[in-house]
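Visitor: I'd like to go through the charged pairs in this one. Can you take me around?

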Amino acid sequence: MRNPLLLLLFCALLMGCEKKTEPQLPRIAIAGLGIESSTFSPALTHEEAFHAKIGDSIFNRYPFMDADSTLRQRAEWVPTLVGKSLPGGTVTREAYESLVGQTLTLLEKNMPYDGLFFDIHGAMSVVGLDDPEGDLIRRIRQVIGPEVLISTSMDLHGNVSKRLAQHTDLITCYRMAPHEDAIESKKRAVENLVSRLENGKGKPKYKAWIPVPILLPGEKTSTRVEPGKSLYAQVPDVEQKEGVIDAAIWIGYAWADEPRNHAVVMVTGDNKEQVTEGAEKLANSFWDVREEFEFVAPTTSYEEALGLALASDKKPFILSDMGDNPTAGGAGDVTWTLTELLKREEFHAPHGKSLIYASIPGPKLVEEALKVGVGGKVSANVGAEIDDRYAPPLLLTGEVTAIREGDVHAETEVVVKVDNAHIIVTQKRKPYHKKSDFTNLGLHPSETDIIVVKIGYLVPELYDMRGDWVMALTPGGVDQDLQRLGHKRIIRPMFPYDEDMERPDLSARLIQASDELD
């Protein structure tokens, strides 16, 4: 082709054809708020607790979506706002409206979208508002429209209201408690979303939702032991059926008092028979084993638990101070257990038992420790600034053996030695569930006789480190004695509150798609 004009024309046509064949990537937003909020705790959660991330910093939450990942490259991503808080008290209305307002503004600014990854926990409580996650997704729909494909990732201790089920298209939750599969579950939610956009199938034809009238604490429903282990083992079998996209069982959140607080089963897909049968199978299996759920470790009164720990020669003997567990929504500053521990001569006598207590907030003591430094003496009140219902603030006097600043949750950590006991005092509450949480403070957990942690069931690292373990029925905002808490607004009858209730209707409710709602 010697004519240069013809050659240029041919090249232009060729380039034009190439442009037409380039696939257009789906445009997907990311948004979500996550917290577990106890309505039985006097604590309130404020906006700063969510450590909200905006824009590309959100990707740091999802290791499967780093810049070089295949999943990242399959879509054009628009991360807006994702906020995640430690479990705590009810969220203030001001904090909620501020975070929601920022989210909606960012979503509107960056429209349009083909999809949205909705990353939530599912157990948020807000002052004066029922079903915050259902409210949030409804308000998101008002901005982005009913046609956008939304895929929701949740904790299995979250709650799935009918409103949430209506406005989401795809939905899944963790299948393990402790949550060793948290990242895997979020990835599954994103994979499902991207795949449905790529293959053009879009919204699933069917969403089966079954409320199951069971409300049990996580410490009785771990998938590490039976019957939870076998129950959750059925989920992948349902998911793998032809025409099913995902299947999930939510235990629900026991320490909040709303009509949505109960267990739920959901299955999504395009085959009506497989979706409904799968959901009903899981729901009935759950109901059939309801009376088999027991605490995942020996559980007894504080007095008996401490007696077992003192009599043991296994190191470390871990005692769970369950009633004020901040990982379940407790205030984290109840002083009752620490006060009782420090009354025991065994922790003061020469060659007595060694103790680590993790932890108690004490901003005044932390301030004093920063002035005197390591090796100095401190004496200040700790705890009970938020929850003083069971014991008053505790005057703690001892030697500072460690100071560590910059923790994302505690901010500043101080170790105070009181004879044989090492008490971890924090600027703000923090759960201790990794060996490094202790060793970073110069402590030696494996060589310590007794470790008391404000946790319920042990997460894997502590579980593997334990010499022995018992859970103590201590007081607090996440009291394991649910009958004692006094729920008034949950839907009755409910197991175990009404043990003699008749078998409930566990047939599948087919939920409308978001674009079919009035």
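Visitor: Is Arg404 buried, partly exposed or exposed?
Guide: Buried is under 20% relative accessible area, exposed is over 50%, and partly exposed is in between (1.4 Å probe, protein chains only). Arg404 has a relative accessible area of 29%, so Arg404 is partly exposed.

Visitor: Which residue forms a salt bridge with Arg404?
Guide: A salt bridge here is a side-chain nitrogen of Lys or Arg within 4 Å of a carboxyl oxygen of Asp or Glu. The closest N and O atoms are 3.9 Å apart, and the partner is Asp407.

Visitor: How can I read the numbering and the values?
Guide: This is a predicted model, where local features need pLDDT of at least 70 and side-chain atom pairs count only at pLDDT 80 or more, while totals for chains, interfaces and linings use all residues. Residues are numbered from 1 along each chain as its sequence is written, and side-chain values use heavy atoms, leaving out hydrogens and water.

Visitor: What separates Arg139 and Asp135 in helix H4?
Guide: Helices are DSSP runs (H or I, at least four residues), and strands are too (E, at least two), numbered from the N terminus. Arg139 and Asp135 form a salt bridge, with 3.2 Å between the closest N and O atoms. They sit four residues apart in helix H4, so the separation is about one helical turn.

Visitor: How many residues apart in sequence are the parts tied together by Asp321 and Lys454?
Guide: Their side chains meet in a salt bridge at 3.6 Å, N to O. Asp321 is in strand S14 and Lys454 in the loop between strand S20 and helix H13, so the parts tied together are apart in sequence by 133 residues.
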